[in-house]
Amino acid sequence: MLELFKSKEKRAFLFRNLVRLILIFITFIYILPFIWMLSTSFKADRELYLFPPKWFPWPLVWENYNKALQRFPFFKYLRNSVIITGGSLLGVLISCPLVAYGFSKIRWKGRDFFFYLMLSTMMLPGAVTIIPTFMIFKTLGWINTYLPLIVPSFLGGGAGLIFLVRQFFNTIPDDLVDAARVDGAGDLQIYLRVILPLAKPVLFLISLFTFLGAWNNYFGPLIYLTDESKYPLALGLPTFFSLYGTYWNQMMACATMTVIPTIIFFVIAQRYLIEGIKITGIKE
Amino acid sequence: MTKIERKEFIKGLLFISPWLIGFLVFTVYPIFASLYMSFTEYSVVGASKWIGLANYKKLITDFLSLKAISNTLYYAAGLVPVGLIVGLVLAILLVQPLKEILFYRTTIYFPSIVPAFAFATIGVWFFNPYIGFMNNLLKIFGIQGPFWLSEQWVKRTIILMAQWGAGGTALIYMAAIRDIPRELYESAELDGASAWQRFWHITVPMISPATLYYLVIATLGALQIFDLPNIMTGGGPANSSLSFVMYLYQNAFRYGYMGYAASMAWILFVISFILTMLIFGTTRYWVFYYGARR
């Protein structure tokens, strides 16, 4: 009996370390492109062509960053990205919970109809509506402004986010709302004073998703912005790439600078992004 | 409706009005407007002219649109199943009880939030045939790596690159796997079920709702693939990486053929709808809701 127990324990030990080895290998693969990016960004021109490649170039050629910055106005693009993303965040945070409240805490005829109608729009490819949408913004004279990228987020922020917040609101007991109603509070008051303060976790979560959606958006800026001085990073980096893409060390210096805000965001948000999926019950 | 009901109805509508306005202006109207436009010859400036089905006829005879459709189906046929397998394998590994598991989870998840526009440029360098990382690595093993962005390879390379974003799918599967009651595995083990049998008869059916979600989202995403090919190759070489949405974009915003592009948008809508319906139509054969009556 003792023998059997031992061998079983041994097998578990072997299995655990096998899993560990596989995971270390996979993790390495997943960060490899970024190590390669960082390493390249510090290489001297001639070091690019060495075989086998140098992993840790020395001395670090900071000059690549200086040279890149002369052609790649990183801070201007960064500022533009921040404006677009900030505007989207503001819009979603104002409108999304409001809509979710209407879908969760008010009992009205047609609520379920509209709710499922909203969910069904998730199945609609964005490309289908893009041409008339573009024409609307063109008629309004909004082309080459940030408005087409920001204003739509004041309209609820999309079915996915509204769904998330609505699911969260559904977990708040109706008694709480009813008690406030008995006290004579109107729905707007209940929303602002009772529900919103309780909703901080889910508001934080939708902020993260909104940030990613706006920051990573390439297609929107591509069709709406024409003036280079208005480009966000999403357009600035590909533009530099198409012009100077073969200066690989400078190119990777630009890519590194572009990825840094995402890394900072990730350090702040990773716990919530990875655990967040649990609170929201996306698997329904 | 009674008076109170009407009051509540109006209040409900008011609360959802931001979404409702967006829905009417940016969803309902564009769907019908692009349907109308698809029957016209219409550029950004000037009046539109009714031309009947000519755009749709062009669509099935235009060499490039056929190429773009076949490329896109190739992308979808690669991205959806490969992404499912990679995401599921990652999820299974990432729920194992190891002390440092959070480190692996975090690191593997990170690339999935890196913007595609940045990852595309890194990828072109990583897969550079002469001095990129991949072929240098292969050279060490005496293998002459392919031209990753050549006509023959480019679509496969893009499908491969998309797997760096599989962390998102892995998260969904991890949540689903962690919700499976332990007793199911314990009793199966007592009955002598092998690891593979436990996976196939417990894990796979128990996570099938997550698979349904993945299939729908991934299929819609794959049909609209744009960022990676547009930045990495611009559709080349010889249009071998040109996706349907890229061709739509070029027609609408580069050449100003809005009517033609609108007909492409409608075809995309129809293809997406058919594929989504196919997925939903088969759910009763393979999606299993634990605890629900069958």
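This is a predicted model: local features need pLDDT of at least 70, side-chain atom pairs count only at pLDDT 80 or more; totals for chains, interfaces and linings use all residues.
Residues are numbered from 1 along each chain as its sequence is written, and chains are lettered from A and ligands numbered from 1 in the order in which they are written.

Chain A is divided into domain 1 (2-64) and domain 2 (72-280), with bounds that come from an automatic or database domain assignment. The C-alpha centres of these domains of chain A are 35 Å apart, and their contact involves nine residues of domain 1 and seven residues of domain 2, where contact denotes C-beta atoms, placed from the backbone, within 7 Å. On the side of domain 1 of chain A that touches domain 2, helix α1 (residues 2-41) gives the most, with four residues; helices are DSSP runs (H or I, at least four residues), numbered from the N terminus.

Within chain B, the axes of helix α3 (residues 63-94) and helix α13 (residues 244-254) come within 8 Å and cross at roughly 145 degrees, the axes being lines fitted to C-alpha atoms over the stretch in contact and the angles running from 0 to 180 degrees between N-to-C directions. Here B:L64, B:S65, B:A68, B:I69 and B:T72 of α3(B) meet B:F244, B:M246 and B:Y247 of α13(B).

Between the chains, 73 residues of chain B are in contact with 74 residues of chain A. Helix α1 (residues 3-37) of chain B gives the most to the side of chain B that touches chain A, with 20 residues.

Notes: Two residues are in contact if their C-beta atoms, placed from the backbone, lie within 7 Å. Helices (H or I, at least four residues) and strands (E, at least two) are DSSP runs, numbered from the N terminus.
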